[in-house]
Structure formats: structure tokens, C-alpha cells
Amino acid sequence: MEFSQEVELLLTHSHYAKLLAVRKVIQDKGKRTAGIDGIRWRTPEAKMKAALSLTDRQYKAKPLKRIYIEKYGKKEKRPLGIPTMYDRAMQALHTLALNPYAEATADSTSFGFRKYRSAQHACATIFNRISRKCDAQWILEGDIKGCFDNISHEWLLDNIPMDKSILKQFLKAGYVSKHNLFPTNSGTTQGSIISPILSNITLDGIEKILDIKYHSKNNKINRRIASKYQVNLVKYADDFIVTARTKEIAEEVKVHIGNFLKQRGLELSNEKTQITHINDGFDSLGWNFRKYNGKLLIKPSKKSIQKITREISDVIRNGKTWTQEDLINTLNPIITGWSNYHQGVVSKSIFRKIDSRVWNMLWKWAKRRHPHKSKKWITSKYWQTIGKRKWVFASGNIQLKYLSNTRIIRTIPIKLDKNPYLDRDYWIEYKTKERNRKLMGMYKSMG
């Protein structure tokens, strides 16, 4: 028996691990959404009973409830599978056991669905790979065709270090749509707790094949690689980019990655996988990376700007009859979330531009409510002067947040070889440093 399987047995039979698994389910965003059995754990008694009942013995997963959510800017909808709460807890339990293995074997430049890593860290790593004049000029933008839906079950069963009978139950549970039962013959269902870690393990290894092909043995994973090929991978879930010195090398890398994916039942999308020169720019993770006269600038992408504008516009349009307080309370989390995501890049002018758009939307909202009132009357009712700022959309002590108040704070790059389970002191120090920088930025913006 392999060490990882021993760890799995210890964890999946641990009383405390079972409690953590149930806690994960009841704190998840979908905690109010039941599976096909309609069961939700609402009381402390139900939660404790669920934790005590988690067992591998004669376990049989129920089919998933299929729902569809809209994709931004597309007519087709994204399918999601909702397991029962018991099946979610079982997946969470086995994810606890898989995580240490996944972290120990992960690509160093993989950032999606990993502890203490984020899209901002991926962004900082891309910056470090392409910001200098001597860095790679060509970018392979990888797009895997239906990654979650097409991963080979055979490959997963042969390579994921966990109980095969349990894993098979997770993979082969099927789904119910419009009262019909459909089998699942490939892929990991989007919406299930274990899917992200299974997809990460499936895609880990791309860095290794590129290292073998293009890098010398002396290169360290946490140091800028300065080989003649300048091939560097940065991956976030199923999105990835690879840098290259020439377009020909990028084409060659595309072939190697295509062969790697084929073994796992996956393939690159010919339409969406592109090779781009850095002077033309490319989009990744909601940002646009492009060099202007040799200087790399990272900005929110046009698509991301359009998305937040549409989201705010929809809220204001749907809130025609809302009170001003309700409208502000609905908009503020959206504005805060988007501005925090983009506060580490060149966003200041874009923040001001979106603030201007929001002001125009709110003015139309107010005018529509009071078509026969004067501009002065509308202004005095809905806008205030607070401190040095005029035209603050506010009601009493509740005021709308401005994106332009967000201070630009660069993300500190992480050491890529640090493991969250083995290098605890490093991560404690890193998180403290990052938190202090953000708090200092908040105080300066308030002042």
C-alpha cells in the first residue's frame, strides 16, 4: 500500500475529518441547494448525525441534479451537477485526504484551487516572466476543450491515489435532468467539491514535460528561468499560458502539451488556443497583458470591464422600485469585489471611468423615479457632500462605494516551492506581510 493511500485511510476514518467535511458542506455557497433527495442539513442534530454516518462501507453515490447557469456573453448555458449533501460530505472527506498529495506533486506555477494561492499570484508570476526587455516575446494562450467534461475516467482511476471503488462512485453517479437519468462516462462534474482537485491532478505534469524538453537541470523552480528557449508555464485551473522566445518554439510547445492532454482524454481548442506577440497583448484571468514601447502594463480586460458594467446596470434596472438604501447595499459588494480583484494592476483610470458610468446610471434611475422634479431637488434627495467629495450617492450613513477610492497595491509574489503543509512559518509570515500592506493602503486612501 502506498503512503498516500495510508494517509487516505487515516483521514477518511477520522472522526474530526468527518466533522470538517460536514462543516465544509454546510458553509459552502450551495448549502441551501439540495440534491435529488431534497435533504438539507439545517439543525445541529442533523449535521452531527450526518458526520457520524459518513462511511466507505457499501457506499453508493446518488445521481446528481443537473441545473444550468448562464455564461456571460453566450447563448448556451453551463451545466452544473448538484450532488446530495451526503455525497458532497463524502467528496469533501476524500478531498481532505487528497490535498496533501496534490500539493506535493503540483506544478510549481499552478495557482487555481490551491491553498494560499490566487489569480493575483498567477498575475505576479506572469509579470516576472515577461516584464523585462530580454524576456520572452511570444505567448501561447491555452484553451482546453471542455476540460471538466472530458477528462478520461480510466486515467483518473489509474492515477488518482484514493479508494478506486469510492472514486468510481463519484465519477459514474450519473445525473438527472428533466426527470430522466443520464450516465456519466467521462469528465468530473462542475459543481461537485472534488472536481477541482481531480482536474488539478490531471493537468499537473505539464511543467515537468516542458522542463525536460527546454530547461537545463540546474534551474531552480523559484528563480527566473533564463534559458535560450524562455519557455515558462503559468496555469490557473484549466487556463494556462506558456511563454516562448520565438513563435516556432510556441508552436512546438503546443504540440507537446497536446500530446500530454491526449493521454488524459483532453485536447486543445484549435479556435481558442492562440499564439500572440506580447506587443499585441493577450487576455488572461480578467486582465490584459501588453507591452507599450517595451513596458509591460497589466490592466483589467475589456471583457471584464463590460461584464462589471453589465452587472451593475442590471442591478440598477431591476431596482427601479427599491429604496436607495437597498440599492446601495446591493451594489456595494459588487463594486468592492471587482475593485479588490483588480487593485494590484494598472486600474486607476478604469476605476474612474466605471465610477462615471455608475453615476450616469444612478442619475437616470433617480430621474425615472421623479420625472416632474427639478435637477436640484433630485440632487439634494439622493446625493450628498461628504468630506472633500461632492456628489456622493448616499442615504443617511449609508453611501455608495467608489472604485476610484481603491488604492492600488501590488501583490507580493510568492516563493513557488513553498508547500502549505510543510512550510507553515513561511505562509504565516507572508499572509501577515500582505495583510499589513493592504491595511496600510486602506488607511492612506481614507486619509
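Begin by selecting strand 13 and strand 14, which form a hairpin with two residues between them; in the turn, glycine 396 has a positive phi of about 65°. The model is a predicted one. To see one of the facing positions, display serine 395, which stands opposite isoleucine 398 in strand 14.

Strand 12 and strand 13 run antiparallel and are joined by three bridges. For a pair to display, take isoleucine 386, whose bridge partner in strand 13 is arginine 389. This hairpin also has two residues between its strands, and glycine 387 takes a positive phi near 65°.

Now select helix 14, residues 348–369. Its 22 residues reach 32 Å from the first C-alpha to the last, close to the 32 Å expected at 1.5 Å a residue. Show the side chains of its buried residues: Ile350, Phe351, Ile354, Asp355, Val358, Met361, Leu362, Trp363, Trp365 and Ala366. Then bring in what covers them. Strand 12 (383–386) and strand 13 (389–395), already on display, are included in that cover.

Move to helix 11, residues 247–262, and pick glutamate 252 within the helix. Is this residue buried, partly exposed or exposed? Glutamate 252 counts as partly exposed because its relative accessibility is 35%, between the 20% limit for buried and the 50% limit for exposed. Beyond its neighbours within four places in sequence, glutamate 252 is in contact with Lys213 and Tyr214. For a view across the chain, draw a distance from the C-alpha of glutamate 252 to that of isoleucine 409: the two atoms are separated by 37 Å, and the residues lie 157 apart along the chain.

Finally, colour the chain by pLDDT. The chain mean is 91, and 93% of the residues reach 70 or more. Which elements mark the lowest and highest confidence? Confidence is lowest in helix 1 (residues 3–12), at a mean of 72, and highest in strand 10 (residues 287–292), at 98. End the tour at residues 221–226, over which pLDDT stays under 50. For this stretch the model has 13 contacts beyond four places in sequence.

Methods
Residues numbered from 1 in each chain as written. Predicted model: local features only at pLDDT ≥ 70, side-chain atom pairs only at ≥ 80, totals over all residues. Heavy atoms only, no water. pLDDT = per-residue confidence, 0-100. Helix = DSSP H or I, 4+ residues; strand = E, 2+ residues; numbered from the N terminus. Contact = heavy atoms within 4.5 Å. Expected span 1.5 Å × (residues − 1). Buried < 20%, exposed > 50% of the residue type's maximum accessible area, 1.4 Å probe, protein only. Pairing = 2+ DSSP bridges.
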